[in-house]
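Me: Here's a model I'd like to talk through. Can you tell me what backs up each label we put on it?

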Amino acid sequence: MSKDLDLKGTIVAAHGRHYLADVGDAQSSEFLQCVTRGKKTNVAVGDIVHLKRTSDNQAVIEKIAERTTLLYRSDQYKSKLLAANITRLFIVIATEPSFADDLVSRALVACEAAGVEAHLILNKVDVEAPLARARERAGLYASLGYPLHEVSARTDPEGAVATLMPLLEGQSSIFIGQSGMGKSSLINLLVPDADIAVREISAALDTGKHTTTFTRLYRLPGNGGGQIIDSPGFQEFGLYHLTEGMLERAFVEFKPFLGGCKYYNCRHLAEPQCAILTAVEEGRIAKIRHELYAQLLHESAQTLY
């Protein structure tokens, strides 16, 4: 049993106001069911926490250690923490079903705002008919400098692991994506005991049949270190918490043009002599990306919390 004196752990799963912390060592895990004091719910998977043990398998979270990064999404009324202390985010897209550009771009904006390195994984490249179109669409993000990795979890699992594992070792990563992109298949390849870990975590959290609805963290196998966070598939990625200044800096292709507008407080929407709008007209900034920027500006003005 771990010592109770300044007991530290990593939050590996969150379900409602109930959390699971791993207080084990590098060789083995030891899970404690955790709650916060009061009604606070500001704990994220990946958080390093200071705990006070209350029984053999339960503890209270006394303090959250300072975070290096925090990724979250938000709607008009509230925010939802996705993960803390992550260094890389992998957006899983696929040749089929078709992926949503809106979701991809929003995730990339969130990464820029949070200081997290973003990568894209194009899965199902063995499906030839839609491959060219998927590559063309994904190429927009590759042209912005985001690394794009092509894999086929189904027909070339060894190749997928060989491509992705070097990018994950020594990192704290999160995988996100819409349902149907093959994210779970990739996680199971990278963490062969993932299904066992899910059952352990679910039993410890007492979530039963809700095993697919919560974010969870796995240690990567082998000696390379690193951990990978699997998040539930979601269709929306609200960014209501980002201010105007944060938004214009989170679109990487805007950076060469910022400061070039006639007006210092230009919002890059309809102002005359706007360097961003000129770049859109000249094709140096993709219209689809500028349209999202305008939508996010509108959303940020609606925030009620």
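Me: What makes up the secondary structure of the protein?
Reply: Eight helices and 13 strands; helices here are DSSP runs of H or I with at least four residues, strands runs of E with at least two, numbered from the N terminus. Bear in mind that this is a predicted model, where local features need pLDDT of at least 70, side-chain atom pairs count only at pLDDT 80 or more, and totals for chains, interfaces and linings use all residues. Residues are numbered from 1 along each chain as its sequence is written, and side-chain values use heavy atoms, leaving out hydrogens and water.

Me: How much of the protein counts as buried?
Reply: Buried means under 20% relative accessible area with a 1.4 Å probe, protein chains only, and 48% of the 305 residues count as that.

Me: What makes a set of residues a nonpolar core?
Reply: They must be buried Ala, Val, Leu, Ile, Met, Phe, Trp, Tyr or Cys, joined through side-chain atoms within 4.5 Å. The largest such core has 92 residues, with Phe237 among those touching the most other members. Helix H1 (residues 101–114) gives the largest share, seven residues.

Me: Which residues does phenylalanine 237 contact, leaving aside neighbours within four places in sequence?
Reply: With contact meaning heavy atoms within 4.5 Å, the partners of phenylalanine 237 include Leu103, Arg106, Ala107 and Ala110, as well as Tyr72 and Ile176.

Note on methods: Buried means under 20% relative accessible area, exposed over 50%, partly exposed in between (1.4 Å probe, protein chains only).
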